[in-house]
Amino acid sequence: YGMVREVSADGEFGCAPDGGNQKFFKDKEEINEGVREFIKDYCVLFGPYNLTPDKEFADAYYGKCFDGSVDYSDEVKRSFYNDNAMMNRIESQLFY
């Protein structure tokens, strides 16, 4: 479903119409699974070096993902949208 815009007194959700985020939701599920597998593999690699995964590593890695040094495929980039039905009612792709 689209972005939640309201919740009624009886707990019913009012949602915006489906947009790009919903159209490419399966892509995001696959990307998320790949990230989860990467993290599992990375944590296994910590063992022989007596290192501990920490927030600083996660922050640094995340920063590298968005500092322009990673070349994402168009397939990945097309699936990420900012949809803000509350403020400007505009949906925009994050990578374009």
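## Largest pocket

In this predicted model, α2 supplies ten residues, the largest share of the lining of the largest pocket, where a pocket is an open set of points on a 1 Å grid over the protein atoms alone that a 1.4 Å probe fits, with protein on both sides within 12 Å along at least five of seven lines, and lining residues have an atom within 4 Å of a point. The space in this pocket comes to about 650 Å³, a volume being the space filled by probe spheres set on the points. The elements giving two or more residues to the lining are α2 (25-46) and α3 (55-65), helices here being DSSP runs of H or I with at least four residues and strands runs of E with at least two.

In total 23 residues line the largest pocket, and Ile31, Val35, Tyr61, Tyr62 and Cys65 lie nearest its centre. By class the lining has 19 nonpolar, two polar and two charged residues, with Ala, Val, Leu, Ile, Met, Phe, Trp, Tyr, Cys and Pro counted as nonpolar, Asp, Glu, Lys and Arg as charged, and the others, Gly among them, as polar.

## Aromatic pairs

The whole structure holds eight aromatic pairs, for which ring centres must lie within 6.5 Å, with planes under 30 degrees apart called stacked, over 60 edge-to-face and the rest tilted. Phe66 and Phe95 form a stacked pair, because their ring centres are 6.2 Å apart and their planes stand at 25°. Since Phe66 lies in the loop between α3 and α4 (74-77) and Phe95 in the segment after β4 (90-93), this pair ties together parts that are 29 residues apart in sequence.

Phe95 also pairs with Tyr72, with centres 5.4 Å apart and planes at 55°, so that pair is tilted. Tyr72 lies in the loop between α3 and α4, so its pair with Phe95 ties together parts that are 23 residues apart in sequence. Phe66 is partly exposed at 49% relative accessible area, as are Phe95 at 27% and Tyr72 at 22%; the class lies between buried, under 20%, and exposed, over 50%, with a 1.4 Å probe and protein chains only.

## Ring cluster and a lysine

Ring pairs join Tyr62, Phe66, Tyr72, Phe80 and Phe95 into a cluster. Lys28 lies over the face of Phe80, at 5.8 Å from the ring centre, the cut-offs being NZ of Lys or CZ of Arg within 6 Å of that centre and within 35 degrees of the ring normal.

## Basis of the values

Residues are numbered from 1 along each chain as its sequence is written, and side-chain values use heavy atoms, leaving out hydrogens and water. Local features need pLDDT of at least 70 and side-chain atom pairs count only at pLDDT 80 or more, whereas totals for chains, interfaces and linings use all residues.

Methods: Rings of Phe, Tyr and Trp (its six-membered ring) pair if their centres lie within 6.5 Å; planes under 30 degrees apart count as stacked, over 60 as edge-to-face and the rest as tilted.
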